[in-house]
Amino acid sequence: MSGISTAGLSGQEETALITLHARAVDAKAAQPILGDPHAVRVAQALDYDWERLAPSPKLEQKERLNVTVRATHFDRWVRRFIAGNPDAIVLDLGCGLDSRGYRVDPPSGVDWYDVDLPKMIAIRAQVYQETANIHMLGSSLSDEGWLEALPAHRPVVAVMDGLYPWIAQSDFITLLRRITAHFDRGEILLLGFSKLSSRMMRTVVPAVKTLGVPVSQGFDDPYDVERWNPNLRFTAQERLISSPEVAKMPRGEQIRCAIMRAVPGLARLDKGMLKYTFDRS
């Protein structure tokens with residue numbers, strides 16, 4: 001039986017398969033970090049030439065650690081927000097084929113929206129099922145209408161796990177402004193992405209060149225986001241090298257993280273996971 005067709009995906013949409021592959025590799029590891037219960041099933045369901053991503057074993061391991069540590073931490077932040085806001089709206093923006101909503105398993109009072117481009121959501125609908133409170137929205141994030149249709153007076157947490165590198169900075173700033181203008185209060189969770197990471201991704205990650213996707217300019221100062229949107233307040237940064245999940249990494253990676261933590265200049269290279277809050281109520 002042939003798998004689900006991925007023909008016609010744009011390079012931008014195909015980037016979702018990089019992180020899916022990393023989660024699947026992790027799920028098969030002897031000591032997984034995230035242990036995504038859906039990743040292997042979803043990856044195997046696709047008719048896709050995984051050689052296109054062409055990671056070396058070393059790069060594959062680094063991608064696995066990066067993707068799964070940050071996913072674990074974002075899951076933790078989302079659960080914490082939901083615990084304090086049982087009527088929350090959750091936006092997983094640029095969700096790709098991630099199973100975050102099913103891992104978090106939000107209570108019935110929460111409405112969860114997985115948002116991505118229409119072709120990706122069409123594939124997603126073949127590997128995941130909507131529930132009473134987990135919904136799929138196929139739309140460009142820059143389109144009008146999808147956000148405005150959501151209830152504005154409930155607290156929102158918007159997750160942007162790895163979205164920033166694949167969206168133009170100007171479009172990203174516009175998206176932030178639309179979210180804080182539409183909802184009364186909430187949190188925005190995103191992955192820090194430095195200028196150095198932006199330059200390195202173009203040369204170090206073969207899939208970026210293969211897929212022909214532009215990489216957004218990074219930002220080194222988390223307070224840049226406040227300058228882009230004065231409604232936002234930078235409230236937390238959790239570096240990957242300081243994550244509890246480091247204890248599950250191979251010994252060599254644990255040593256590398258310990259060295260980076262001990263040297264301030266190296267630690268600052270890890271922009272980590274960033275949290276911003278807003279409240280117009």
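**Entry 1, the model.** I noted at the start that I am looking at a predicted model.

**Entry 2, the sheet.** I looked up the strand order and found an open sheet of seven strands, running β5-β4-β3-β6-β7-β9-β8. The pairing is mixed. Which strands sit at the edges? I found β5 (134–138) and β8 (233–238), and each of them pairs on one side only. I also checked the twist, which averages 20° from one strand to the next.

I picked β3 (residues 89–93) and β6 (residues 156–160), which run parallel and are joined by four bridges. I then followed V90 across to β6 and found V157 as its bridge partner.

Helix α3 (residues 57–84) lies across β3, β4 (111–116), β6, β7 (185–191), β8 and β9 (273–279). I read its angle to β7 as about 175°.

How many residues does the largest nonpolar core have? I got 61. Those with the most contacts inside this core are L91, L93, L97, M160, I179, F183 and I188. There is also a second, separate core of 27 residues, and V90, L191, A267 and M273 are among them.

What does I179 touch, leaving out residues up to four places away in sequence? My list reads L93, L147, A158, M160, I188 and F278.

Notes: Residues are numbered from 1 along each chain as its sequence is written. This is a predicted model: local features need pLDDT of at least 70, side-chain atom pairs count only at pLDDT 80 or more; totals for chains, interfaces and linings use all residues. Side-chain values use heavy atoms; hydrogens and water are left out. A nonpolar core is a set of buried Ala, Val, Leu, Ile, Met, Phe, Trp, Tyr and Cys residues joined through side-chain atoms within 4.5 Å. Buried means under 20% relative accessible area, exposed over 50%, partly exposed in between (1.4 Å probe, protein chains only). Contact means heavy atoms within 4.5 Å. Two strands pair if DSSP finds at least two bridges between them. Axes are lines fitted to C-alpha atoms, for helices over the stretch in contact, and angles run from 0 to 180 degrees between N-to-C directions.
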